[in-house]
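Subject: Structure handover

Hello,

Please find the structure below.

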Amino acid sequence: MSARAAAPARRVVLPVRGMHCASCVDKVDSALRAVPGVEAVSVDLPSRTVAVSFVPAPGRLEVKHLRRAVEAAGFDVLGESDSRAQAEAISLLSQKDEQKRLLVRLQVALVFSVPLLLADRMGLSPYTALLLALPVQIWGGWHFHEGLARSWRRRRADMDALVSVSTWASFFYSAYVVFFPETLPAAARQTQWEAVSGLVIFVTLGRLIEARARGKTNEAVVRLMRLAPKTVRLLRAGQEVSVPLDEVAVGDFARVRPGEQIGTDGEVVSGRSTVDESLLTGESLPVEKAPGSRVWGGTMNKNGALEVRVTRPGKESALARIVEAVRESQATKPRVQRVVDKVAAWFVPAVIALALACAAAWLRASGGPDYRMALTAFTAVLASACPCALGLATPLAIVAAVGRAAGMGVFIRNADVLEEFGRLDVVLFDKTGTLTLGRPEVSGAIVLRGTEDEMLAWALACEERSEHPFSEAVRARARARGVAAPAVESFEALPGRGVIVRASGKVARAGSLPWLREEGVAIPQDDATRFSEEGSLLGVAVDGELLGALRMADALRPSAAAAVRALKDRGLEVCLVSGDRNSAAYRVAEQVGIDTVFAETRPEEKADIVRRFQREGKRVAMVGEGFNDAPALAHADVGVALASGTDVAVESADLALMNPDLTYLSRAIDLSRDFRAVVVQNLAWAFVYNLALLPLAAGAFYSRWGLLLEPQYAGAAMALSSISVALNSLRLRRADAD
């Protein structure tokens, strides 16, 4: 294997200036993909950033080579970063500067356009009008002409090129009329200053409004970034020391006073308080925290002092990972956008060809060449056919929808998930920790051999290192009774079954009764089912002999029944898939209103159930939070994990719920459906707009009905199209599924 093949891939995010439409996106994407060694490219038009994954090769492929490829395509690279958030911050500053420049250019254009358009009424000479038009065309429209120069270098036209060519065409024609009117027919001796000023003013105004609307779509994520803590108060050598977030390590102890932000993810070791987690979960009510509770960086401590052991510092905290995940999901493309990009790549060349054909047709008209109509048709076609609205139709909707979801505490991995979530047919729920709170307690015991404390000691040996929800209940019971576990020599966890340990020369097993039976443990049915109708059982066996079982009780999650009802109201089939016994699974299903139950299922069987529904042509979502849910989460069309669950489950999922309220599932489905509706509306508007205006701009209806779209009005319509798409996308920020 070569050194290059063995080299690890690297990912860099570049803030890029100069991208305005789908053609720009296609050009940047193509330029980077043409670089040998580049594995993946993700261009985000709203934030104007480009994420590139590549295999570095010293001297042959480094970041500088990527920058050169983008710059050779006619764009400016403003910097580089390992995270999209940092790159976007650089891009945001550039966009703010650009907005200021656009505002100044718009103001200058307006100042000179007023007397220019009133030149006849004011009695100004044609030469004075030409002098007034110069600052409008050159200064006011300079950003379009810069884009034309870039397009010329990269040999591919975009929106700037269309506007610049159309304004220069009108400007030079008008200047020719001023200097050489006698060489033209009398009917053609009309200047086009209104077209010049109208195009510059309307398109610049549209771009300015669109840029500001684009910034509003990102407010949810910007709010998360602004509220992120910068320092943490650590306990070192008995003293409180304030240190930057980047210097905090796992295992440090932080002290959080009332009214302060919690700096990092961690576990409360002492103190009690309530914490406002609305930043992450969208839940307005504070959450009680006590020793053993998990806390998240960026949340607000309310009324008590807490001492927290750091579990995830700095960039690894939930808030940092969420911000980065939201950024990445906003930059991804759903299937519909990938189709639109292919169409847009050919759209501009087709428009230029159409504009030239229209001009040629008017010059070869049967009544003789009509120079004014040829120019008007050429300019209007270029102005009205800009693909800006087409390029923004989907990206702005994604940014708005993902931002809205983040505000609800729903974090979506990519745009395909956002598109698919509203098309679900079946939702499968895990039981423990999902429909229930996942904090079971030992509420009783069945002792068949020895004493309860002896059985509890062996159960503790098995569960002390386990991540199963029952393990904490066993540890709590052992602490309360003062029971210690024998020294464990080996440990093996079998997800969905149980645990096997070797201690003191004996082999102990703790797990479900069906699994123990498979392991050869004899289970007296009359004794072992004594409490079967009242709770789940954790069997304990040593050297193949059943010592007894611990009865577990787990409270139902308060929002479970309402969540199931809301999903059913939206036409979805809801099922329960649990590794627990039939009696426990059916009891919970009855409480929440689920009719279809799959009980005593192993992790691989959960995945088989997902595939079974998929073979029937149904789209399936799996909702879980445990290690044993990971296979089903990975196989489902959409995997949904609760953030309170294991890291394996969260990493396997496509969507994570920070909010423990399960009704946010139905809200997320409604948001997905709203997103799809907005995208369809945006694309329909963009396509219908072009299809409707192009014949009018080309003069197809002029000869018979006298209908013609003047260039300045074509520019206004083009700006209105982009603004309409932006404002329609902004509706998603207010979308709620109540």
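A residue is called buried when its relative accessible area is under 20%, exposed when that area is over 50%, and partly exposed in between, using a 1.4 Å probe and protein chains only. On that scale, 55% of the 738 residues of the protein count as buried.

This is a predicted model, in which local features need pLDDT of at least 70 and side-chain atom pairs count only at pLDDT 80 or more, while totals for chains, interfaces and linings use all residues. Residues are numbered from 1 along each chain as its sequence is written, and side-chain values use heavy atoms, with hydrogens and water left out.

Overall content

The protein has 29 helices and 26 strands. Both are DSSP runs numbered from the N terminus: helices are H or I with at least four residues, strands are E with at least two. Contact here means heavy atoms within 4.5 Å. Among contacts between residues at least 6 apart in sequence, 70% join residues at least 24 apart.

Two helix pairs

Two packed helices are described by the angle between their axes and the distance between the axes. The axes are lines fitted to C-alpha atoms, for helices over the stretch in contact, and the angles run from 0 to 180 degrees between N-to-C directions. Angles under 35 degrees count as roughly parallel, over 145 as roughly antiparallel, 65 to 115 as roughly perpendicular, and the rest as oblique.

Helix α14 (residues 371-384) packs against helix α27 (residues 664-698) at an angle of about 170°, with the axes 8 Å apart. The two are therefore roughly antiparallel. On the α14 side the contact includes Thr376, Ala377 and Ala380, and on the α27 side it includes Tyr689, Asn690 and Leu693. By class, this contact has nine nonpolar, three polar and no charged residues. For these classes, Ala, Val, Leu, Ile, Met, Phe, Trp, Tyr, Cys and Pro count as nonpolar, Asp, Glu, Lys and Arg as charged, and the others, Gly among them, as polar.

For helix α18 (residues 452-463) and helix α19 (residues 469-481), the angle is about 135° and the axes are 9 Å apart. These helices are therefore oblique to each other. Among the residues in contact are Glu452, Asp453 and Leu456 of α18, and Arg475, Arg477 and Arg481 of α19. This contact has five nonpolar, one polar and six charged residues.

Gly699 sits in the loop between α27 and α28 (702-705). Its relative accessibility is 6%, so Gly699 counts as buried. Apart from neighbours within four places in sequence, Gly699 is in contact with Trp362 and Leu708. From Gly699 to Glu710 is eleven residues in sequence and 9.6 Å in space, C-alpha to C-alpha.

Cysteines

How many disulfides does the structure hold? It holds zero, a disulfide being a pair of cysteine sulfur atoms within 2.5 Å. Cys462 is buried because its relative accessibility is 0%. Cys575 is also buried, with a relative accessible area of 0%.

Two positive phi values

Most residues other than glycine have a negative phi. Ser504 has a positive phi, near 55°, and lies in the loop between β18 (498-503) and β19 (506-511). With 52% relative accessibility, Ser504 counts as exposed. Asp543, which is not a glycine either, has a positive phi of about 50°. Asp543 is in the loop between β20 (536-542) and β21 (545-553), and at 46% relative accessibility it counts as partly exposed.

Regards
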